[in-house]
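Hello,

Here is the structure I promised to pass on to you. Please open it beside this email, and then read on for what turned up in it.

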Amino acid sequence: MIEIVRETIEKHRMLECGKLAAAVSGGMDSMALLHVLMELCAEYGVLLCVIHIDHGIRGVRSKEEARFVEQHCKDRKIEFMLMQADVPALAKKRKIGIEHAAREARYALLESAALRMGADRIAVAHHRRDNVETVLMNMIRGSGLRGLRGILPVNGDIIRPMLYVGKEQIEGFCRDECIFYINDESNEDDKFVRNRIRHKLLPNMIMSFGGSVEGSIERLALNSAVDDDYLDNAAEIAFEELARWEYDALAVNIEAFLLCHEAIRHRLVLKSLERFEIFTDIQRKNILDIYDLCWKPSGSMLDIPGGITVHKGYESLYFLRNSATVADTSLPSFGEYSFDWGTLILELCDEIPEDVTLHGKDTQYIDYDKLVGGLSIRMRREGDRFFPLGAPGRKKLKEYFIDRKVERFRRDGIPLLIDDEEIIWILGMDIAEKCRVTDKTKKVARLFYEKSKLGRDLHEGYRKGTIYAGTGGDPYS
């Protein structure tokens with residue numbers, strides 16, 4: 001068994017790291033993994049540590065498992081960290097099943113613990129039969145290629161050194177090496193889908209079609225992974241061509257999107273959502289609803305799981321995370337003001353700048369003496385009118401936005417700077433005609449607006465997520 005693991009590690013360069021964290025539950029598979037890694041990490045010069053997750057599901061039994069793993073590590077001088085979760089509470093809050101909630105909590109805590117321990121990668125104990133069960137489970141869900149590829153040997157910083165090891169080999173290894181472990185009775189509970197596949201479906205398939213069934217399903221996963229990788233690369237190329245960031249919204253050109261093959265369109269939607277770190281909970285129905293949105297009137301919108309709203313614009317679909325709105329705020333004096341949506345700076349100039357006529361989007365100069373009363377920030381209201389700089393007269397703010405082709409979903413989120421009489425500045429856009437700086441102007445005020453970093457962080461700091469075993473990361477269900 002160790003040789004199979006060594007070959008897997010070599011092929012996928014799994015131990016090219018300084019420190020490795022092993023996820024150890026105390027069961028047979030993870031205890032076998034720990035003992036294999038103890039030998040191989042020493043061979044490769046990699047520091048080994050252990051993370052144990054208490055899911056908060058099985059009460060006293062969970063505590064016993066944690067103590068067992070901790071003592072095992074202590075006896076062998078292996079660094080150990082215990083992480084705890086309240087999976088039932090998470091499942092209730094998210095309105096998801098216990099299995100789903102446990103998986104989410106487990107991987108989130110593993111990542112957190114690995115970061116605290118300084119580990120570069122995390123090893124988990126999935127093996128060949130786990131992979132077969134995952135493919136079958138995704139087939140039952142109606143999965144596409146991404147689900148049929150099963151469990152990947154390397155996915156981000158998660159590695160699976162035992163992925164090509166059979167369950168019988170693990171059992172033999174534990175027996176031969178006298179490795180103690182704890183049986184998790186929840187693995188026998190057939191209320192969980194995976195357990196029903198493990199105890200009923202797969203044994204019946206083997207009985208009916210022979211022991212080669214597992215190998216056939218494994219080949220299906222490998223073939224699917226190759227095809228999925230090709231399509232994913234093609235979708236990434238298409239995404240770079242037809243998607244762009246517009247501040248905090250990801251805009252996808254509708255005409256180009258609809259010209260893509262359906263297989264690429266599906267992946268374009270997933271890639272758009274990945275930019276907002278949405279990797280699960282997306283179903284085929286959500287994707288088909290987004291297709292339908294393309295044919296609806298401009299201004300239509302659709303809510304997607306994960307707090308994302310998709311808006312139909314004039315030419316694009318806009319993916320946008322639900323975020324802060326503009327609240328009415330009085331500005332008692334000139335200075336710098338910070339909001340969730342950005343920063344506003346108001347300042348008097350010591351002298352009239354030479355570039356006052358170079359009106360940019362985010363910096364404007366106005367005649368200070370033309371202001372009436374105090375200044376405040378608010379969002380648009382019904383009946384608002386605006387006299388833009390250089391325009392022949394006032395117009396409804398709605399008409400101004402239409403003329404400037406401001407998408408409908410944007411309009412309620414654009415801050416307005418107002419005095420006691422009228423709109424002085426539509427932030428990031430035009431100032432009012434009455435505030436024009438002329439040769440008669442005596443005092444000039446500089447207005448500066450910087451949007452919050454959200455859009456830039458999403459665009460530049462995008463970190464492609466990991467689709468974990470068991471979910472398939474597939475929306476075809």
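In what order do the six strands of the open sheet lie? The order is β3-β2-β1-β4-β6-β5, and the pairing is mixed. Strands and helices here are DSSP runs (E, at least two residues, for a strand; H or I, at least four, for a helix), numbered from the N terminus. Two strands count as paired if DSSP finds at least two bridges between them.

Before going further, please keep in mind that this is a predicted model: local features need pLDDT of at least 70, side-chain atom pairs count only at pLDDT 80 or more, and totals for chains, interfaces and linings use all residues. Residues are numbered from 1 along each chain as its sequence is written, and side-chain values use heavy atoms, with hydrogens and water left out.

The partner of β5 is β6 (residues 158–159); the two run antiparallel and share two bridges. Across that pair, Val-154 stands opposite Ile-159 in β6. Helix α5 (residues 98–117) packs on the sheet, where it touches β1, β2, β3, β4 (121–123) and β6. Contact means heavy atoms within 4.5 Å. The direction of α5 makes about 140° with that of β3; axes are lines fitted to C-alpha atoms, for helices over the stretch in contact, and angles run from 0 to 180 degrees between N-to-C directions.

**The cores**

In soluble globular proteins, nonpolar side chains tend to be buried together. A nonpolar core is a set of buried Ala, Val, Leu, Ile, Met, Phe, Trp, Tyr and Cys residues joined through side-chain atoms within 4.5 Å. Buried means under 20% relative accessible area, exposed over 50%, and partly exposed in between (1.4 Å probe, protein chains only).

The largest such core has 33 residues, and Leu-20 and Leu-37 have the most contacts inside it. Two or more residues come from each of α1 (2–12), β1 (19–23), α2 (28–44), β2 (47–54), α3 (60–75) and α8 (167–176). Helix α2 gives the most, with nine residues. Leaving aside neighbours within four places in sequence, Leu-20 is in contact with residues including Leu-37, Val-46, Leu-48, Ala-119 and Ile-159. There is also a second, separate core of 30 residues, which includes Ile-264, Leu-273, Cys-294 and Val-310.

**A glycine in a loop**

Gly-26 is found in the loop between β1 and α2. Is Gly-26 buried or exposed? Gly-26 is buried, with a relative accessible area of 1%. Not counting residues up to four places away in sequence, Gly-26 touches Met-31, Phe-68, Val-69, Tyr-181 and Ile-182. Its C-alpha atom is separated by 66 Å from that of Asp-384, 358 residues apart along the chain.

**Salt bridges**

Side chains of opposite charge can pair when their charged atoms come close. A salt bridge is a side-chain nitrogen of Lys or Arg within 4 Å of a carboxyl oxygen of Asp or Glu, and a search of the whole structure finds 35 of them.

One of them joins Lys-19 and Glu-79, with the closest N and O atoms 2.7 Å apart. Lys-19 lies in β1 and Glu-79 in β3, so this pair ties together parts that are 60 residues apart in sequence. Lys-19 is buried at 10% relative accessible area, whereas Glu-79 is partly exposed at 38%.

Glu-422 forms a salt bridge with Arg-394, at 3.4 Å between the closest N and O atoms, and also with Lys-434, at 3.8 Å. Glu-422 counts as buried at 11% relative accessibility, while Arg-394 is partly exposed at 45%. Elsewhere, Arg-146, Asp-232, Glu-236, Glu-240, Lys-271, Glu-274 and Arg-275 are linked in a network of salt bridges.

**Cysteines**

A disulfide is a covalent bond between the sulfur atoms of two cysteines. With the cut-off for the pair of sulfur atoms set at within 2.5 Å, the count comes to zero disulfides. Cys-435 is in no disulfide either, as the nearest cysteine sulfur, that of Cys-349, is 14 Å away. Both residues are buried, Cys-174 at 4% relative accessibility and Cys-435 at 0%.

Enjoy exploring!
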